[in-house]
Amino acid sequence: MIVRHFCRFFLAAATLLAMALAMVMAPARADGLLDPLLELRIASLDGPHEVIVTFEDRSAVTSLADLPGVDAIELNVLPMAAARLTEAQIETVRQWDNVKSVYYNAPLEYSNYTSGEITGGHYVHDNYGYKGEGVTVAVLDSGVDGLHPDLAFGSKTIQNVKIVGDLGLLGLDPIYLENLPNTDTSSGHGTHVAGTVAGTGAASANDERRANYHAGIAPEASIVGIGAGEAIAILYALEGFDYVLANQDRYGIDVITNSWGGGDGATFDPNNPINIASRAAYESGIVVLFAASNSGPAENTLNQYAIAPWVINVAAGTPTKTLADFSSRGVAGDPIKHPDITAPGSGIISARAANTPLPILGPVLDPAHPTYHLYYASMSGTSMATPFVAGTVALLLDANPALSPDQIEDIIAATAEPMPGYAFHEVGAGYIDVRAAVEMAETTPGEMAQFLSGSTEW
């Protein structure tokens with residue numbers, strides 16, 4: 001299911017990218033049927049070529065599979081199918097009356113770089129100098145590969161912890177193995193998340209497009225990696241929160257990002273231990289973020305831990321600032337069942353943990369930089385959108401360290417870019433605008449002291 005889910009959105013995102021590139025790189029053909037990028041490939045490379053065929057309506061989608069020797073992938077909603085076709089087969093297909101276009105299945109380019117561009121993040125880096133300096137983000141996930149150049153243990157990743165034990169239920173007290181260079185040895189998920197938050201981009205330092213091309217949104221923030229298991233469970237998650245609370249002052253932890261969850265669509269339960277733990281972190285002044293989940297497009301599918309009123313609930317957006325189909329939705333009119341913000345989460349290129357399986361789903365094949373596949377990978381999900389917002393929080397705190405968790409959430413919501421055609425319970429306040437949020441943060445009187453001295457009632 002994971003592979004099928006990823007591929008479906010990879011193909012859809014690649015189609016959008018190819019269309020955009022076609023408009024920029026070359027004038028449209030008279031018949032408008034053949035992608036200029038595909039024309040270039042046909043002229044310079046022998047086939048077969050990976051293509052996406054768009055039909056006038058869904059009734060014709062199955063016809064691609066009728067070609068001799070062709071295995072086609074048919075999308076579920078869009079009138080599209082994908083296949084590997086020879087040049088002769090492409091010529092045949094593009095002459096069919098019901099074919100609208102034939103496009104090359106271009107590799108995704110929606111990297112952390114692109115996320116920073118379309119949200120104003122790079123403008124903040126270059127013009128205001130805010131890059132998350134002095135801010136620490138805890139990544140509660142599968143762990144962090146501190147051997148990766150972008151997440152070097154001891155400098156970028158200032159602590160890296162692996163949790164073992166089960167809260168004593170089987171007679172073994174929890175053990176926190178600290179100062180491990182690499183705690184992400186069998187998943188890769190947490191490393192990818194950490195790279196989006198604050199990866200330095202060191203492995204792409206000499207990229208001609210931009211130095212440190214694949215850096216995260218807050219490249220000068222610090223990371224505390226908390227490896228809570230590859231298939232994270234409630235007990236390990238609670239131990240992770242417990243570690244953060246116990247070591248908040250020790251490492252100056254300001255933010256905790258959580259790209260995991262469960263109970264999609266469940267009723268909010270303030271007595272759930274995870275909600276109690278996230279509330280405790282919030283009351284201590286830590287900004288807590290949760291992924292909305294990937295159970296969309298059906299409604300009432302939000303991660304039950306993301307709907308807590310004191311956390312920032314993050315939906316996933318696309319390169320064109322629409323809502324990703326997989327991003328979970330809330331319930332119209334419900335006071336808490338809605339995302340708070342939408343952020344880049346489709347085809348995100350970030351740090352790849354060595355010898356782990358998840359990044360294999362999205363290899364980065366960059367002919368100009370043949371080593372990138374060793375250091376970076378592409379993944380999609382609200383798991384990728386959430387750390388982007390966590391890194392944005394680091395930029396806001398760099399600009400104004402006195403902001404309270406409530407103020408940060410309010411600023412992100414108040415400055416979001418509207419997303420026409422979507423309801424509040426689907427996208428929250430809209431698409432994150434990093435530049436506008438930082439500019440508001442600079443001029444907002446901070447209230448952290450008042451926040452910590454009072455009590456917050458929900």
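One cavity of 30 Å³ or more was counted in this predicted model, a cavity being a set of points on a 1 Å grid over the protein atoms alone where a 1.4 Å probe fits but cannot get out. Grid points are joined across faces, edges and corners, and a volume is the space filled by probe spheres set on the points. About 50 Å³ of space lies in the largest cavity. Its lining, made up of residues with an atom within 4 Å of a point, consists of Tyr 282, Ile 286, Val 287, Val 288, Trp 310, Ile 312, Pro 405, Asp 406 and Glu 409.

Two elements, β10 (287-291) and α12 (405-414), each contribute at least two residues to this lining, and α12 provides the largest share, with three residues. Seven lining residues are nonpolar, two are charged and none is polar; in this grouping Val, Ile, Trp, Tyr and Pro are among the nonpolar residues, and Asp and Glu are among the charged ones.

The protein chain contains 15 helices and 14 strands, taken as DSSP runs of H or I with at least four residues and of E with at least two, respectively. Of its 458 residues, 55% are buried, that is, under 20% relative accessible area with a 1.4 Å probe. Among contacts (heavy atoms within 4.5 Å) with a separation of 6 or more, 76% join residues 24 or more positions apart.

Residues are numbered from 1 along each chain as its sequence is written. Local features need pLDDT of at least 70, side-chain atom pairs count only at pLDDT 80 or more, and totals for chains, interfaces and linings use all residues, while side-chain values use heavy atoms, with hydrogens and water left out.

Note on methods
Buried means under 20% relative accessible area, exposed over 50%, partly exposed in between (1.4 Å probe, protein chains only). On a 1 Å grid over the protein atoms alone, a cavity is a set of points where a 1.4 Å probe fits but cannot get out, and a pocket is an open set with protein on both sides within 12 Å along at least five of seven lines; lining residues have an atom within 4 Å of a point.
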